[in-house]
Amino acid sequence: MKRSLASTALALVLGFSALPLAAKTTPATSWDYLQPDRDQVIASLNVVELLKRHHYNKPPLNDERSIKIYDNYLKLLDPSRSYFMASDIAEFNQWRNQFDDLLKSGNLEPGFAIYRRHLTRLQERLDFALAELTKGVDKIDFSVDEDLQVDREKAPWAKDRAELDDLWRKRVKDEVLRLKIAGKETKDIQELLTKRYKNQLKRLEQTRGEDVFQAYINAFATTYDPHTTYLSPDNAENFDINMSLSLEGIGAVLQSDNEHVKVVRLVPAGPAEKSKQIAPADKIVGVAQGNDEMVDVIGWRLDEVVKLIRGPKGSTVRLEVIPASNPPTDQTSKVVTITREAVKLEEQAAKKKVLHLKQDGRDYKLGVIELPAFYLDFKAFRAGDPNYKSTTRDVKQLIDELRAEKVDGLVIDLRNNGGGSLQEATELTSLFIEQGPTVLVRNADGRVDVLADENKGIYYNGPLAVLVNRLSASASEIFAGAMQDYHRALILGGQTFGKGTVQTIQPLNHGELKLTLAKFYRVSGQSTQHQGVLPDIAYPDVMHTKDIGESALPAAMPWDSIRPAIKPELDPIKPFLTQLQSKHDQRTAQDPDFLFTRASIDLSKQLMAETTVSLNEVKRRAQQAAIEAKQLKLENDRRVAKGEKPLAELAKEDEDALPVEDKGKPEDDAYLSESGHILIDYLSLNPSLAIH
């Protein structure tokens, strides 16, 4: 199917003979060598046709789409509005309503012209920054009372060069102040920033026409949805840029975040996750091979950073990371050493624990099955190996073992489970329902395919809870959604990731197009897209939906619903939800870990609301000290409440600062323990659920 779609599109452009006349552009610059070639023109026409015929939404390519492409391109090139001037934008506006027609005709020149101007402005800004540094970092006056606007997404474009110069003078000053407060010496700051800007200039000089083409076509493709992207021939073999980039070697998923590279999630049982020193939303600012010198990667493209991070199995890479837990003004970093290795299937396998809880004067034992991923050993399965490993087979065995231990109920822990095998999501669902549909897949033509459990009978029919968080995605959402729709389990924790779309790779004459062509729906008819699965009882989550998840991505496809695959039945859980919520609220009102998380979220919201920073050193240090004092108080309040020794100061890498789910005993994991208590509450309110 992949070849036929691409061939269809290619056939439609075989009559193409010559480029249309280029639109009027700016005077010649040193970047004039960057011009579209014939292969790129044909590939762009293929992309237009594939999106028109096969994208899930099939939205028209018209003037409205043209404006989206234009705005998307400007945001891609200058997200903080720090390079282009108002005069540039006025010049570009001639094409604002024309990108639809330009793309349909294969005229790529305006896209290239805008990029060339971007390179010119970027070169000017870097030259200016270097000139500021040559005056001497030690000459900068930090006693002046002035501010820098850091959130410039909606700021007006600079009216002239003088306004940009003032903005960049403040930017350089802010960079120096951040490093100074982080403890770096003046000489080292001068050297680091000079090297950073010179390296960025050097990388500009290496810009190829392929870089321009990929950026422009992606600005077009991602207006359809964030997972529809173009991959150049070089990147097609290795990367999956916008959907998130899975890295060989360290087990991390990254994405671009303005001038930084941000961690989106960690692959379960991967080297990065096992290090316990990297977390979602952390920013990678430096990469070093083994004991080599650290390479500053601020301002680098995502694919370039990835090339540095990847490497042979068994080799080490050092990452300089700014933790997401730092206040926005705090650039204090830490260096993490990771040994690159493949993620072993057995390390991602389901594991069991027994949670011992006391409630209402009685002792309870609850089985916990921790499921890091939905895995299936395809090679062994296809070879007919009767002992092939799979999620469902392992979970069945663990259920048997927990039954033998006479547990009172079961918690399936799907926190941080990014998904995996769709087949296994269906198979696992079949263990807990009598029979019936498990997930719906709606294609671009409106046809709905139903995946179902065809086997009669329930393997486990006792009390069940499913624990999820923001990083529970894809297959996790399908399973959790089915458990909720069949009223088979209590869903507890955080709102899940919300990726409910299906992509395929379409080869082109030049590169590839990753195309969204279907959407997942729960058996109730609700999409898992954008909204994810909403828990019956929600826990506070330090991962902001603004930063992590499908809804954080521009142009994410919306939530919707289709005809349900099952008839609505009486919900046995709903009548008890109010009481369960009340008991949960009472229990966690004074719980140290819940109090700490809620207070941390409130503090983080306050800090994120700040759109400017002071460039006065005394004020900035005072602000930093005040923030750290608040963070220290929150941590020590939690410690004292748990009978632990308070800290004299915050330790960035202190083991006790790890998330609660990383602690040793299951009873010490506040969210897991509370899930057990809620399940016991439900069992007490509805005794008919007891295991017989």
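Start by selecting residues 109–134 in this predicted model: that's helix α6, 26 residues that reach 37 Å from first C-alpha to last. The span is close to the 38 Å expected at 1.5 Å a residue. Then step past the end of the helix to Gly-136, where phi is positive, near 105 degrees.

Staying with backbone angles, most residues other than glycine have a negative phi. Two spots here go the other way. Pick Arg-81 first: it isn't a glycine, yet its phi is positive, about 50 degrees. You'll find Arg-81 in the loop that links α3 (63–77) to α4 (86–92). Arg-81 is partly exposed, at 23% relative accessible area.

Now jump to Ser-474, another non-glycine residue with a positive phi, near 55 degrees. Ser-474 sits in the loop between β15 (464–468) and α16 (475–485), and it's partly exposed too, with a relative accessible area of 24%.

Last stop: select 592–608 and 670–685 together, which gives you helices α18 and α20. How do they pack? Their axes are 9 Å apart at an angle of about 120 degrees. The crossing of α18 and α20 is left-handed. To see what touches, show side chains for Asp-593, Phe-594 and Thr-597 on α18, then Ala-670, Tyr-671 and Glu-674 on α20. By class, that α18–α20 contact has three nonpolar residues, two charged and one polar.

Definitions and conventions: Residues numbered from 1 in each chain as written. Predicted model: local features only at pLDDT ≥ 70, side-chain atom pairs only at ≥ 80, totals over all residues. Heavy atoms only, no water. Axes fitted to C-alpha atoms, helices over the stretch in contact; angles between N-to-C directions. Helix = DSSP H or I, 4+ residues; strand = E, 2+ residues; numbered from the N terminus. Left-handed = near helix turned anticlockwise from the far one by under 90°. Contact = heavy atoms within 4.5 Å. Nonpolar A, V, L, I, M, F, W, Y, C, P; charged D, E, K, R; others polar. Expected span 1.5 Å × (residues − 1). Buried < 20%, exposed > 50% of the residue type's maximum accessible area, 1.4 Å probe, protein only.
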